[in-house]
Amino acid sequence: MKLVTTSGKVPANLPSVEATAADSFRQSKGVASSVRSHQTGPAMSRSLIDGLNPPQREAVLDDSPALLVLAGAGSGKTRVITHRIAHLIDVLHVPPFQILALTFTNRAASEMIERVEKLVLDPQASDPSISTFHSLCARILRKYAPAVGLSPSFSIYDSDDQLSLLMGVVHELSSSTDYERKTSPSLTSSEGGNKRAGLDRNKVRELLGELEACKNAGINVQSARERARGAQGELVAEVYARYSEALTQANAVDFGDLILRTTDLLRENPRIQHQLRDRWRHILVDEFQDTNPAQFKLLSALVGDHTERGRTFVVVGDDDQSIYSWRGADVANMLEFQEKFAAKLIKLEQNYRSDPPILDIAAKLIARNQYRLPKTLWSDRGEAAPIVAKPCLDDRGEARFVSREIRRLCLDQQLNYSDFAVFYRTNAQSRILEEQLRADGVPHCIIGSVGFYDRAEIKDLLAYLRLLVNPSDRIALLRVLNVPTRGIGAKTLAELEALSRPREGNLAQTLQGVASGALHLRSKRALPGINSFVALMAHLRDRLDEPPSQLLQALLDETNFIDHLENRQTRSKDAVSHVAELVGALLSFESEPGDSSLAAFLERVTLDRGPAVDDEGQQATGVVNLMTIHSAKGLEFDTVFVTGLEDELLPYKRREEEVDTEEERRLCYVAFTRAKHRLFLSWASRRQLHGLWHRGEVSPFLVGLPGIGVSAPAPRPDPQQHRRPPAFAPRATDETVEPLPDYESETQLRREPLAEDSQTHFGETHIVYDEEEVYPTGPRPAKRNDKRERANKELTPGDHVTHSRYGVGLVLELEDRPEGVMATVDFPMTGHKSIYTRFLRRY
């Protein structure tokens, strides 16, 4: 049996999606080594469900039209999905091409493929589609590209490409008389730094975030125009429209477009929608809690009438592990699934990963969330190690503790370094930990650092290759036009862009016109460089039928790219080795069955670096794994250290942003449940981040957890009665967060001086923090912006204000509070927000 994944390679002879949709998403794996003689009937059914616990067995065999499998951490959800696919094929004799299984990362899809290969017994069975959302949509769009105004060779833009394109769009828009006044306050800056024609790159990045939020919510350009309110809303809608037009001109899409355009394609073309619905009659979705509204709309368009006989729609996930709202995921998709689809609910609650003390503390933690589907994880494991809670004086003491415990456990328990993981909330926390581990000779690896395909020299070469496949790719062209240096400077580029405007912004056609003499530049100095670039691309494009590795080698030779790297003074040896690694990657790709074209390679590389992959790291072997908690999703380790358990770090408080306490608690829950046998929790009284010292309270999430020993104190005395106010008095924030009922004590922690080696074990001494404490040196928390607040005292309802994140909004009402004046502001795209006026500017 051969299985397919849309993240992999595509057969050279691509059949129609209508006829054989599954075959159009193929990565040939060959016949699984475990294939046995074909069996049918009850014997096969029993063999598939042998070893499953009762709820798992029920989830595999259930024939409800819609099914929600609530799978707690470590409860075997992937096993359920793969066994269900095998049951459909081998027992119910469902044609495999009618099965579509969707997940979020290629790593998860590959694991699913390998498991299904081993389970399906019929060697003659055809191929179910196991895919990521983005890979599926890329294949559908390439098949029906003309229907959405693209050619099949379209490029897929990553976040850097998106920002570069949007910078050009905003630059053009800000020069327009109609929009200059609206754009100037929010997108330009008079300060120095990374600017283009007065544009603030960071502010344009924030605008890109607004556009991505629209796409994640399933809002296309037309809907954005209809929803726009006020000048700022109209501006965002106009930028969205122009940005989408620029993508189409470049024959490109971004990751949001893959979902949005596919959904629009299905809704606007009933024939195509019917064909795909008829093809995929059994749809399974993994990690359903991570879907955003746009993906939910896509699923709805594919599923159709799920109650029709012979159809099933199964979603599997855990709402307690929904941690990606910042990229659009909406846990409501899962919480409301039963109601929307009249779905049956099956709970998987037996945990096969963690020891009982770990499950106990994780359950007590997550039970405080109000919006969740109740579940009770349990384990039949026996004797377990105690959970260790470690208060530290500072971050260096915390790092010494982590390193010391790893070395001790390696000696005492004969553990390997790869048995350990160290988690933190933000990447900035990794430096101290890495320095300590390096000093102590502990081998380690930081997961989620700069990826191979994100290195400058690799992105340059990929841009060349993209341009060969898609000559309209404006961003790729701009990246490599003067790499290596060809004497094509900023002035020449500006003149080329001016010449390209009558040609719908097609810079490639403009370059060809200049090279042929049909168009003329004022200065002839750049002409040799333009001629050589056009000739190079034409020559290489004639060789597109050659293996990609040979094409890359020709590119390296004809551009003297290695000499270009060696002439750079910084890390040239590393850069050259990275180029050699890219050649190796292409050779490896060519050795795999299926489509070995350059276009297929570029698609795989881009989709492997998609938004759902960025925050889920691979697990390194032979070393201690250091990673953010987001990167730990889906992984498990014998021993886990969760560091930085401090208020405003976990839960994380971004300046001027509302804390999503429930999601932060879910993130903490994910961290705890990665541990199999040992869990260490640590926090520091003071921590250096971004060059500044921060004084920290123990995380409110630890208050009242069994055995941790963090107690809620009596109410604080009035800080004004102290000669010196407490250094850890709650800071004023710009947005209010209503406390959950019965948990108000979480923000009222006390502390006492901590011994360097003090620690608390599960079920032992309580640590009660006290107001009286020796204050370590270091800068105090930043004061509130009273100057701006005084300037905003004359604000009245009906005034327009600007906010660094939400843009321009309308003041609806004002309220005096002890911490300052609270304004309720209506923002065009995000709705009502309660924000202190010191964080606002009059518009």
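The paragraphs below go from the whole chain to its sheets, a helix pair and some single residues.

This is a predicted model, in which local features need pLDDT of at least 70 and side-chain atom pairs count only at pLDDT 80 or more, while totals for chains, interfaces and linings use all residues. Residues are numbered from 1 along each chain as its sequence is written, and side-chain values use heavy atoms, with hydrogens and water left out.

The chain holds 29 helices and 23 strands; helices (H or I, at least four residues) and strands (E, at least two) are DSSP runs, numbered from the N terminus. Of the 843 residues in the chain, 55% are buried, where buried means under 20% relative accessible area, exposed over 50%, and partly exposed in between (1.4 Å probe, protein chains only). The accessible surface of the chain is about 35900 Å², and carbon and sulfur atoms account for 48% of that surface. Accessible areas come from the Shrake-Rupley method with a 1.4 Å probe, and for residues only the protein chains shown count as cover. Taking contacts between residues at least 6 apart in sequence, 76% join residues at least 24 apart; a contact means heavy atoms within 4.5 Å.

Two strands pair if DSSP finds at least two bridges between them. Strand β2 (residues 99–103) runs parallel to β3 and is joined to β3 by 4 bridges, with A101 opposite I130 in β3. Angles run from 0 to 180 degrees between N-to-C directions, and axes are lines fitted to C-alpha atoms, for helices over the stretch in contact.

Next comes the pairing around strand β15. Strand β15 (residues 637–642) is mostly covered, with 6 of its 6 residues buried. Strand β12 (residues 420–424) pairs with β15 in the parallel sense over 4 bridges, and strand β16 (residues 675–689) runs parallel to β15, joined by 5 bridges. T639 of β15 stands opposite F420, and the bridge partner of T639 in β16 is R678.

An open sheet of 5 strands has the order β22-β21-β20-β19-β23 and antiparallel pairing. Its edge strands are β22 (831–836) and β23 (841–842); each has a single partner strand, so one side of each is left without a neighbour in the sheet. Strand β19 (residues 800–803) pairs with β23 in the antiparallel sense over 2 bridges, and T802 stands opposite R841 in β23.

Two packed helices are described by the angle between their axes and the distance between the axes. For helix α12 (residues 270–279) and helix α13 (residues 293–303), the axes come within 8 Å and cross at roughly 80°. That makes α12 roughly perpendicular to α13, on a scale where angles under 35 degrees count as roughly parallel, over 145 as roughly antiparallel, 65 to 115 as roughly perpendicular and the rest as oblique. Q273, L276 and R277 of α12 make the contact with S300, A301, L302 and V303 of α13.

Some single residues remain. F401 has its place in helix α17 (residues 395–412) and is buried, with a relative accessible area of 1%. The C-alpha atoms of F401 and P391 are separated by 9.9 Å, the two residues being 10 apart along the chain.

Most residues other than glycine have a negative phi, and most peptide bonds are trans. The peptide bond from V483 to P484 is cis, with omega near -10°; P484 is in the loop between α20 (474–480) and α21 (490–500). The bond from L650 to P651 is also cis, with omega near 15°. P651 lies in the loop between β15 and α28 (661–672), and E648 lies in the loop between β15 and α28. E648 is not a glycine but has a positive phi of about 75°, and E648 is partly exposed, with a relative accessible area of 25%. H93, not a glycine, has a positive phi of about 60° and is found in the loop between α3 (77–90) and β2.
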